[in-house]
Amino acid sequence: MHLDASTYGGSGDWLDQTVNGNNGTVNGATWSSTDGGLFDFDVINDTVSIAHVANLSLSTTVQRTIQVWVKFDSFPALNAQMPVFGKLSSSFSFDGYWGGLFSNDGVVRCVTNGTSVQRVSNSTLTVSTNTWYLFTFISQITNTSNTTKVYINETEYITNAHGTDSYSESNPLYLGYIGSGVSSNYLNGKIGACYFYTKGLTASEVSENFNATKIRYGL
């Protein structure tokens, strides 16, 4: 999937630039031409949703990667979460995943939920408000070490493993929201683009994508 706000036509769906048709439905988020094109999320109820297809879910056999260009306007409240993306619902034993911030000091967090395991991974480093970041989340539902990773720009912030588990969900993928039935908060910030790969990107590939697009975001 390749969603880029620079290609948005101003109304209707946010069209996937690949041939796969994973278009985003814009729910309240406001488009602006700033920084080449972005969607502004208001922390109240704005989302972009992409209908479920299996390739957007995590897998027990291969890694998946989602990358989002995001700028945070504020941090969440103390001990609260602020999602950048999520594909998780209470309808499927909370199977799914999400990534974003946790608590009021800019801690990066990712969560993977299988049938029996919830793996919460927090960074030891923090991010800032009013700065663009390329948030890269890579994961596989397995106990193999270092299969869940989060990069911020070119720096690896999180390295973990989900653990042995099974996995089954058919939830929408959201930008700016975790999913239904999980007391999800909303993003207060901007999103410029989102990319999804049915493989785990290498560190060099993460750097390549960052350096290919950073100039648009003033980096």
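Both lysine 87 and glutamate 169 are buried, a term that stands for under 20% relative accessible area, with exposed meaning over 50% and partly exposed lying in between (1.4 Å probe, protein chains only). The model is a predicted one, in which local features need pLDDT of at least 70 and side-chain atom pairs count only at pLDDT 80 or more, while totals for chains, interfaces and linings use all residues. Residues are numbered from 1 along each chain as its sequence is written, and side-chain values use heavy atoms, with hydrogens and water left out.

- A search of the whole structure finds 6 salt bridges, each being a side-chain nitrogen of Lys or Arg within 4 Å of a carboxyl oxygen of Asp or Glu.
- Aspartate 4 forms a salt bridge with arginine 216, and their closest N and O atoms are 2.7 Å apart.
- Because aspartate 4 lies in strand E1 (residues 2-4) and arginine 216 in the segment after helix H1 (203-213), the pair ties together parts that are 212 residues apart in sequence.
- Aspartate 4 is buried at a relative accessible area of 11%, whereas arginine 216 counts as partly exposed at 22%.

**Further salt bridges**

- Lysine 199 and glutamate 205 meet through their side chains in a salt bridge of 2.9 Å, N to O, where lysine 199 is partly exposed at 37% relative accessibility and glutamate 205 is partly exposed at 24%.
- Asp40, Asp73 and Lys190 are linked in a network of salt bridges.

**Strand pairing around E4**

- Strand E3 (residues 30-32) and strand E4 (residues 38-42) pair in the antiparallel sense over 3 bridges, where pairing requires that DSSP finds at least two bridges between two strands.
- Serine 32 has leucine 38 in E4 as its bridge partner, and the hairpin formed by E3 and E4 has 5 residues between the strands, with aspartate 35 in the turn showing a positive phi of about 55°.
- E4 is also joined by 4 bridges to strand E15 (residues 188-197), running antiparallel, and phenylalanine 39 has isoleucine 191 in E15 as its bridge partner.

Terms used: Helices (H or I, at least four residues) and strands (E, at least two) are DSSP runs, numbered from the N terminus.
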